[in-house]
Amino acid sequence: MTESWGRYPQARHAAEVRLNWRAGLTLPVVGPMLPYGQGRSYGDSCLNDGGKLLRTAGLDRFISFDAESGSLRCEAGVTLGEILRLLVPRGFFVPVVPGTKHVSVGGAIANDIHGKNHHRAGSFGAHVRKLELLRSDGEAQELGPDDQLFQATVGGLGLTGLITWAEIALRRIPVAAVRMEAIPFAGMDEFLSLSEESDAEFEYTVAWVDVLSRLQRGVFFRGDHAAGAIHAPRGQAAVPLDVPAVNALTVRVFNAAYYAAQKLAGRSRLQHWDPFFFPLDGVAHWNRLYGRRGLLQFQCVVPTPEALRALLSEAPPSPLTVLKRFGPARSPGMLSFPRPGFTFALDLPNRGEETFAQLARLEALAMEAGGAIYPAKDARMSAETFARSFPRLGEFSAHLDPAFSSSFWRRVHR
Amino acid sequence: MLGATSAIAQAAARIWAERGEELLLVGRDPQKLEAVAADLRTRGGTVETVVHDLDRDQAGLVGRVGAPDVVLLAQGVFGDASRRDRDPEYAESILRTNLISPVRLLTLLAPALPPGSCIAALSSVAGDRGRARVGVYGASKAGLDSFLSALRQRLQGSGVRVLALKPGFVDTPMTASLPKTPLFASAAQVGRGIVRAVDMGRDAVVYLPWWWRLIMLAVKALPEGVFKRLKF
């Protein structure tokens with residue numbers, strides 16, 4: 001069964017249409033339909049219960065690359081990992097990468113994803129120069145950043161039509177290494193001053209925090225592309241089946257061990273780009289560690305340090321609690337999530353009502369502070385929260401494709 | 001690369017392109033062929049295309065191909081099951097694409113190939129024993145296997161190798177209608193297997209992945225009285 005990364009909620013699709021060629025591409029006559037790339041959204045934004053999925057994994061061809069300008073044109077199903085595998089050896093990097101390289105270009109645009117360099121580079125959509133959108137009326141439109149429909153499509157959750165190809169501006173990097181520093185900290189004040197100091201000097205910053213520790217200790221990671229010889233990591237682990245391994249005890253043990261390991265590894269080291277950007281990709285199917293019922297991820301952005309403190313004091317224990325300060329860059333999409341402030345993310349095993357109540361408290365705190373919740377990570381926010389998170393929702397709705405919809409959209413839009 | 005728009009051919013071609021090889025792509029659909037060529041060029045290959053229906057004028061095509069180091073023969077149709085079993089014209093068209101055209105092409109090409117070159121032809125485990133589910137498709141691959149075996153013997157000593165590549169279930173547009181089981185391999189996986197077999201200098205029948213050899217040994221060993229009652 002086709003699932004999202006969080007494996008909650010489950011959906012049954014009336015049909016899954018595999019798209020393989022741009023030439024002669026026709027969409028189903030009857031919707032509702034939704035593009036589905038790699039299924040790395042956590043909740044239901046990539047699901048279309050009762051409807052159809054347009055699977056784009058077969059649209060995985062490069063179209064052209066101009067090494068002068070760094071401009072790459074490729075089909076929407078190409079993954080960021082494939083781009084990196086091909087072009088890092090030629091000295092180029094994807095300008096914005098999320099926590100996994102296994103996402104498609106179409107998905108990166110539709111969710112206007114962000115990365116550890118948001119304070120410098122803004123969101124993924126800011127680096128998209130052109131894209132082609134196929135609407136259900138059969139019309140294919142080539143769009144650029146100045147087009148309204150482009151701005152609706154970036155961050156548009158796949159609801160404005162099917163992206164068939166896109167042109168992205170890649171950035172030049174010296175070599176495949178990252179000079180990274182892992183700095184242990186305790187408490188929010190230290191996190192805030194580290195953010196302040198590091199964002200000015202480093203391309204990539206992010207922090208991991210152990211909410212179980214009384215001092216709210218954590219590790220602040222910062223890095224830059226660097227010169228130096230470094231080998232790609234070998235081998236990959238995988239979780240072969242559902243093992244519900246995440247619980248209060250294992251989180252406590254994991255967090256203590258992770259903190260200690262980072263401290264031991266030393267403050268400054270040279271690392272290959274792959275484990276620096278995508279540590280979790282080292283374990284295939286890690287979502288199975290959350291058991292058959294899946295996991296709920298929560299990510300919000302709040303404008304002030306005070307609101308961030310309030311969230312942390314309410315945060316239930318999670319092995320992956322992550323903080324990052326977003327920069328001032330204006331996101332290009334009408335429904336783009338990144339905006340100035342602090343973003344806070346965590347994963348929780350799905351334990352039903354208890355988990356939903358915990359997340360409702362976090363949601364309420366984010367809303368009180370005038371924040372927003374990230375649709376790509378969400379399986380439960382209310383319609384009211386969605387509307388408050390995205391003030392340009394009305395403007396966006398005018399650009400919806402009438403034959404496109406998703407489980408998420410039907411849940412949050414009335 | 002004959003039938004260069006096939007998913008398995010593309011997967012192998014990507015590896016060769018990233019090594020900077022020169023590739024000549026032959027296929028019927030100009031738009032699809034151009035999409036594949038653009039992809040392979042971006043990956044680092046030097047690519048030319050020839051739009052040609054492989055079911056026709058094989059002599060004309062062979063004249064344009066020159067003397068490649070490797071010939072990957074990848075054209076093939078699986079066919080619609082219900083039509084395959086009822087429509088003789090349709091059944092014949094499957095035989096033409098999967099068996100007769102490859103026989104014509106390889107008959108013309110083989111004498112032109114230089115020593116050290118390699119013919120790598122995509123067959124299928126379906127050729128190992130006829131099954132109701134695959135019908136004439138299996139027959140076409142059985143015929144191709146037999147032809148390749150004869151060709152391999154004939155070319156011994158000439159320095160030209162003949163690889164019969166036999167994938168099991170592969171997740172491609174050709175098998176879109178089949179329910180996916182854990183036995184399915186990805187096109188990328190099979191593509192890597194093809195390149196490895198060519199690199200290793202093999203001159204034999206190669207199952208992809210390798211464990212299909214064991215499965216097919218067992219399938220072939222079943223007595224006909226048992227086999228004919230099976231539903232797989």
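1. Chain A places 11 residues in contact with nine residues of chain B, contact being defined as C-beta atoms, placed from the backbone, within 7 Å. On the side of chain A that touches chain B, strand β4 (residues 62–66) gives the most, with four residues; strands are DSSP runs (E) of at least two residues, numbered from the N terminus. By class, this side of chain A has six nonpolar, two polar and three charged residues.

2. The model is predicted: local features need pLDDT of at least 70 and side-chain atom pairs count only at pLDDT 80 or more, whereas totals for chains, interfaces and linings use all residues. Residues are numbered from 1 along each chain as its sequence is written, with chains lettered from A and ligands numbered from 1 in the order in which they are written.

3. The largest nonpolar core has 110 residues, and A:Ile109, A:Leu131 and A:Cys300 are among those with the most contacts inside it. Such a core joins buried Ala, Val, Leu, Ile, Met, Phe, Trp, Tyr and Cys residues through C-beta atoms within 7 Å (buried: 20 or more other C-beta atoms within 10 Å of the residue's own). Strand β17 (residues 295–302) of chain A supplies the largest share, six residues. Another core, of 62 residues, lies apart from it and includes B:Ile8 and B:Val190.

4. In chain A, three strands form an open parallel sheet in the order β1-β3-β2, where pairing requires at least two DSSP bridges between two strands. Strands β1 (15–18) and β2 (33–36) of chain A stand at the edges with a single partner strand each, so one side of each is left without a neighbour in the sheet.

5. Four bridges join β1(A) to the parallel strand β3 (residues 52–55) of chain A. A:Ala15 stands opposite A:Lys52 in β3(A).

Notes:
Buried ≥ 20, exposed ≤ 12 C-beta atoms within 10 Å, placed from the backbone. Contact = placed C-beta atoms within 7 Å. Nonpolar A, V, L, I, M, F, W, Y, C, P; charged D, E, K, R; others polar.
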